[in-house]
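Take a look at the structure below. This briefing goes through it topic by topic.

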Amino acid sequence: MRWIRRNLVVIAGLLTLAYMIVPNIVVMVFSFNKPNGRFNYAWQRFSLDAWKDPCGVADLCGSLTLSLQIAAWATLGATVLGTMIAFALVRYRFRARGAINSLIFLPMAMPEVVMAASLLTLFLNMGAELGFWTVLIAHIMFCLSFVVTAVKARVMSMDPRLEEAARDLYAGPAQTFVRVTLPIAAPGIAAGALLAFALSFDDFIITNFNAGSTVTFPMFVWGSAQRGTPVQINVIGTAMFVIAVLVVVAGQIVTSRRKKAATS
Amino acid sequence: MTDTNTGGDVRLTGISKTYGSFTAVHPLDLTVPQGSFFALLGASGCGKTTTLRMIAGLEEPTTGTVFLGDKDVTDLPPYKRPVNTVFQSYALFPHLDIYENIAFGLRRRGVKSVKKQVGDMLDLVQLGDKAKHKPHQLSGGQQQRVAVARALINHPQVLLLDEPLGALDLKLRRQMQLELKRIQTEVGITFVHVTHDQEEAMTMADQVAVMNGGRVEQLGAPADLYENPRTTFVANFLGTSNLIEAEVVETGGTDLVVTAGGGKLSLPADRCSAAVRTGGKVLVGVRPEKISLAHADDAGKIAEGRNRVTGRIVDSSFIGVSTQYVVNSPAGAELQVYEQNIERDTRLAPGAEVVLHWNPAHTFGLDATQDIDAGVETVEDAS
């Protein structure tokens with residue numbers, strides 16, 4: 001009993017972690033399955049077939065490449081625009097600043113289906129051809145709010161004296177921005193960019209409404225789920241998960257190394 | 001330091017700053033002599049920091065001109081002025097280590113080999129072993145020294161210090177005051193120091209400008225300001241003063257004779273900054289440590305020719321080197337007296353009838369039309 005009481009927090013933590021991780025593990029395990037028939041829902045036997053041939057399903061790798069491309073461009077666009085908006089909102093006093101400050105949250109608060117449908121209406125009325133560009137515009141739009149929020153928090157906590165100190169120490173406006181402002185705001189910008197990438201990569205609803213005949217990876221998964229689920233989907237999912245984990249772990253190792261180097 | 005800049009004085013002429021309808025600094029003229037340690041002293045909101053920032057170029061003056069030597073720098077941005085600032089709370093770059101913080105100014109000016117200069121600077125502020133640390137790993141006092149080194153390495157004509165010791169505890173502050181004074185003597189650069197701490201200003205500066213409400217109330221050497229305040233604000237803000245309202249009865253001689261609370265007091269006419277006429281009012285001032293206290297029974301033993309005020313002790317506090325008494329008298333309420341603890345008279349306790357007496361030469365006179373309490377208790381930390 002005493003042991004349980006003492007380790008209650010740890011146990012609760014591990015259970016919560018398991019709750020989050022078990023679905024990922026299921027995906028991972030089933031990427032090694034060799035299903036009978038088209039549906040990969042019941043475990044049959046271990047096989048490396050899917051891993052050896054991840055692009056073996058028609059159109060899968062094409063949709064993946066497209067999704068990665070859209071995510072990369074959307075991240076770039078949203079991060080640049082969002083960072084500029086965040087700086088403007090924190091640093092400058094201008095007309096409609098208050099309005100922009102609250103409107104920027106709208107895409108986060110609005111139900112995605114509503115936004116998707118209204119975007120489609122807008123695109124159709126403008127006579128735009130649905131496809132890569134409409135999807136990209138839509139993604140930049142909804143990623144913006146997240147980038148602005150992340151960067152704004154960072155910029156608000158920045159001491160404006162740091163930039164004054166830089167200017168006082170012979171750094172012109174450009175130098176001040178590159179040498180002081182940007183490096184200090186970088187964690188916020190990076191967090192915003194990561195968020196934007198993740199959101200853009202797996203967005204389904206908005207994309208599905210505005211993609212026309214273009215098929216992104218989430219749309220491919222959805223579409224194939226009607227007719228059967230190829231094991232390759234699990235392979236891609238597992239690979240993405242592993243890459244994400246590796247990035248996080250590498251980041252942590254670098255930070256702790258830096259800290260150690262600084263204290264020693 | 002091998003500073004070849006002949007520099008010259010910092011001259012502010014007619015400089016002012018207004019924000020909308022609020023005037024932070026009224027037009028003021030100020031000359032800071034080259035190589036001096038100059039303090040701008042005042043309570044928060046008096047315009048001292050704004051004045052400093054106008055010298056740095058971080059604030060644009062509404063009117064007036066800033067001269068460094070003969071050069072008009074009013075329109076130069078901060079990064080083109082040969083002036084560096086030690087900011088309040090230091091503003092060290094958190095993403096750079098101590099070495100790079102100190103090298104920042106040199107690198108921006110395109111100096112290639114910074115190693116020797118940075119090393120010298122680290123030695124000057126005794127932080128050679130901390131070069132690879134990040135600012136947050138240093139104590140407050142160490143960060144403060146990095147801020148000084150980061151500014152000084154550029155050999156500015158003028159070093160501006162904005163409340164640089166405000167965040168430090170009392171003991172460390174005393175230590176850093178001496179340290180800064182040492183560095184200033186060593187490098188010989190003009191220091192302009194902004195502070196609300198009157199002790200700090202008096203300890204460190206050669207010249208002090210006392211500011212109040214966006215104006216310079218009085219400018220002078222610390223001892224001069226302390227002994228000869230010309231306004232009630234200066235009298236109360238720099239240390240403590242007893243100010244007694246009095247009526248002038250005799251003018252013309254080298255001494256001024258006045259009456260207060262039924263007794264006569266005299267003071268040197270040249271120490272009275274107010275225009276006086278017989279029958280007019282004047283504020284008579286004397287510092288608490290100049291006053292001696294005698295029990296009423298010993299009143300006869302007091303030497304002739306000293307100013308006397310009778311009263312009753314209402315409070316006394318023993319603080320080690322001295323005892324501080326508060327005395328109510330017909331001449332004025334709550335007069336402060338600091339008696340050194342050499343021979344303590346046990347009769348001097350609250351309730352005792354006493355005579356306050358002092359050398360008339362230690363008395364000063366002020367214009368009676370001012371607020372008698374100006375500058376009292378406006379110091380945020382009454383240390």
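How many helices and how many strands does chain A have? Chain A has 13 helices and zero strands. Keep in mind that this is a predicted model. The model scores ipTM 0.79 and pTM 0.79.

**Chain A: overall build**

- Read from the N terminus, the elements of chain A run α-α-α-α-α-α-α-α-α-α-α-α-α.
- Chain A is more spread out than a compact globule, because its radius of gyration is 23 Å, well over the 18 Å that the globule rule gives for 264 residues.
- The C-alpha trace of chain A spans about 70 × 65 × 35 Å along its principal axes.
- Of the 264 residues in chain A, 30% are buried.
- Take the contacts in chain A between residues at least 6 apart in sequence: 77% of them join residues at least 24 apart.

**Chain A: what the record lists**

- An unreviewed UniProt entry lists residues 64–254 of chain A as "domain: ABC transmembrane type-1".
- In the model, that span is 83% helix and 0% strand, and its end C-alpha atoms lie 30 Å apart.
- The unreviewed UniProt entry also uses the label "transmembrane region" for several spans of chain A, including residues 102–124 and 130–151.
- Residues 102–124 of chain A are 83% helix and 0% strand, with end C-alpha atoms 28 Å apart.
- Residues 130–151 of chain A are 91% helix and 0% strand, with end C-alpha atoms 31 Å apart.

**Where chains A and B meet**

- 17 residues of chain A are in contact with 21 residues of chain B.
- On the chain A side, the elements that give two or more residues are α9 (160–168), α10 (173–201) and α13 (231–263).
- Which element gives the largest share of the side of chain A that touches chain B? That is α9(A), with six residues.
- By class, this side of chain A has nine nonpolar, three polar and five charged residues.

**Chain B: a buried helix**

- Is helix α1 of chain B enclosed or open? Helix α1(B), residues 48–56, is largely enclosed by the rest of the structure, because nine of its nine residues are buried.
- Among the buried residues of α1(B) are B:K48, B:T49, B:R53 and B:A56.
- Just after α1(B) comes B:G57, which takes a positive phi of about 95°.

**Chain B: a residue in a loop**

- B:E289 lies in the loop between β14 (281–286) and β15 (292–295) of chain B.
- B:E289 counts as partly exposed because it has 17 C-beta neighbours inside 10 Å; a buried residue would need 20 or more.
- B:E289 and B:E339 are 50 residues apart in sequence, but their C-alpha atoms are 6.6 Å apart in space.

**Chain B: how confident is the prediction?**

- Chain B has a mean pLDDT of 89, and 96% of its residues reach 70 or more.
- Where in chain B is confidence lowest, and where is it highest? It is lowest in helix α5 (residues 170–187), at a mean of 87, and highest in strand β3 (residues 37–41), at 95.
- Over residues 1–5 of chain B, pLDDT stays under 50, and the model has eight contacts beyond four places in sequence for them.
- Over residues 378–383 of chain B, pLDDT also stays under 50, and the model has ten such contacts for them.
- Where pLDDT is low, the predicted coordinates should not be read in detail.

Definitions and conventions: Residues numbered from 1 in each chain as written. Chains lettered and ligands numbered in written order. Predicted model: local features only at pLDDT ≥ 70, side-chain atom pairs only at ≥ 80, totals over all residues. UniProt positions renumbered as here; feature names shortened; annotations may be inferred. Helix = DSSP H or I, 4+ residues; strand = E, 2+ residues; numbered from the N terminus. Buried ≥ 20, exposed ≤ 12 C-beta atoms within 10 Å, placed from the backbone. Rg over C-alpha atoms; globule rule 2.2 N^0.38 Å. Contact = placed C-beta atoms within 7 Å. Nonpolar A, V, L, I, M, F, W, Y, C, P; charged D, E, K, R; others polar. pLDDT = per-residue confidence, 0-100.
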